[in-house]
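Subject: Structure for you to look at

Hello,

Here is the structure I said I would pass on. Please open it next to this message; my notes follow below.

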Amino acid sequence: MIKSHVHIIKMGGTIEFIDPAYDAINKKLMKLDTSIEGYLNHVIQPHFDFSIESITAKDSRDIDQADREKLAKAIRETSHNNIVITHGTFTMRETAQFLEQQSLGDKRIILTGSMIPITGFTTSDAGFNLGFVVASFPSIEPGVYLSMNGGIFHSSEIEKNAELFRFE
């Protein structure tokens, strides 16, 4: 078996319950481990190696230029070529557009997130989105992509449809 390596860079967002509306509920009532590390290590036990780095833990509406610059720097500095960026869905497209304008080398970069947190919610799209991204690396060229709802997109061809809870 050939093992691949995926470097995950976390920016926050609903995928890990980073949303002011959810955060208070989780801390007081549910106390869920909504971390990607916990999900991969304890639920999935994947057949790929991974490393995780956190840039920020914000609702994506609060991500600013300084956060995006830190993200680009982290991408440039990592030795890994398959990079997943977990990000809130509200401004994921803007971050992808920012990254497309950076010189990031021959890296395959896919931003993903979810409408429902990764752990504790049986109807969550998070696990599917994360798994789809990891499986997509062999089929994409170096560049910046977004992936939601089983699709791989360039930032110019996708919009969040908040009424249908999907990207189109």
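Strand S1 (residues 5–12) and strand S3 (residues 82–86) run parallel and are joined by four bridges. In general, strands of a sheet pair through backbone hydrogen bonds, and they do so either parallel or antiparallel. Please keep in mind that this is a predicted model.

These two strands belong to an open sheet of six strands, with the order S2-S1-S3-S4-S5-S6 and mixed pairing. Which strands stand at the edges? They are S2 (49–58) and S6 (151–153); each has a single partner strand, so one side of each is left without a neighbour in the sheet. From one strand to the next, the twist averages 25°. Helix H3 (residues 65–77) packs on the sheet, where it touches S1, S2, S3 and strand S4 (108–112). The direction of H3 makes about 165° with that of S2.

Next, a residue within the sheet. Asn-82 lies in strand S3. Is Asn-82 buried or exposed? Its relative accessibility is 16%, and the cut-off for buried is under 20%, so Asn-82 counts as buried. Apart from neighbours within four places in sequence, Asn-82 is in contact with His-5, Val-6, His-7, Arg-108 and Phe-137. Arg-108 is 26 residues from Asn-82 along the chain, yet their C-alpha atoms are separated by 5.0 Å.

Now to helix H5 (residues 126–136), which holds both Phe-128 and Phe-132. The structure has two aromatic pairs. Phe-128 and Phe-132 form an aromatic pair that is stacked, with 6.1 Å from centre to centre and 25° between the planes. An α-helix has 3.6 residues a turn, so residues three or four places apart point the same way. Phe-132 has 27% relative accessibility and therefore counts as partly exposed. Other residues of H5 are buried, among them Ala-126, Leu-130 and Val-134. The buried residues of H5 pack against S1, helix H2 (36–44), S3, S4, strand S5 (143–148) and S6.

Another residue to look at is Glu-100, in helix H4 (residues 92–100). Glu-100 counts as partly exposed because its relative accessibility is 37%. Which residues does Glu-100 touch, not counting those up to four places away in sequence? They are Val-144, His-154 and Ser-155. Between Glu-100 and His-154 there are 54 residues' separation along the chain and 9.3 Å between the C-alpha atoms.

Finally, the protein as a whole. The secondary structure comes to five helices and eight strands, which follow the pattern β-α-α-β-α-β-α-β-α-β-β-β-β along the sequence. There are 168 residues, of which 49% count as buried. Among contacts between residues at least 6 apart in sequence, 69% join residues at least 24 apart. The accessible surface is about 8,500 Å², and 51% of it belongs to carbon and sulfur atoms.

As for confidence, the mean pLDDT of the protein is 88, and 88% of the residues reach 70 or more. Among the elements, H3 has the highest mean pLDDT, 98, while helix H1 (residues 20–30) has the lowest, 62.

Regards

Key:
Residues numbered from 1 in each chain as written. Predicted model: local features only at pLDDT ≥ 70, side-chain atom pairs only at ≥ 80, totals over all residues. Heavy atoms only, no water. Pairing = 2+ DSSP bridges. Axes fitted to C-alpha atoms, helices over the stretch in contact; angles between N-to-C directions. Contact = heavy atoms within 4.5 Å. Buried < 20%, exposed > 50% of the residue type's maximum accessible area, 1.4 Å probe, protein only. pLDDT = per-residue confidence, 0-100. Areas by Shrake-Rupley, 256 points an atom, 1.4 Å probe, with all protein chains shown as cover. Phe/Tyr/Trp six-rings, centres within 6.5 Å; stacked < 30°, edge-to-face > 60°.
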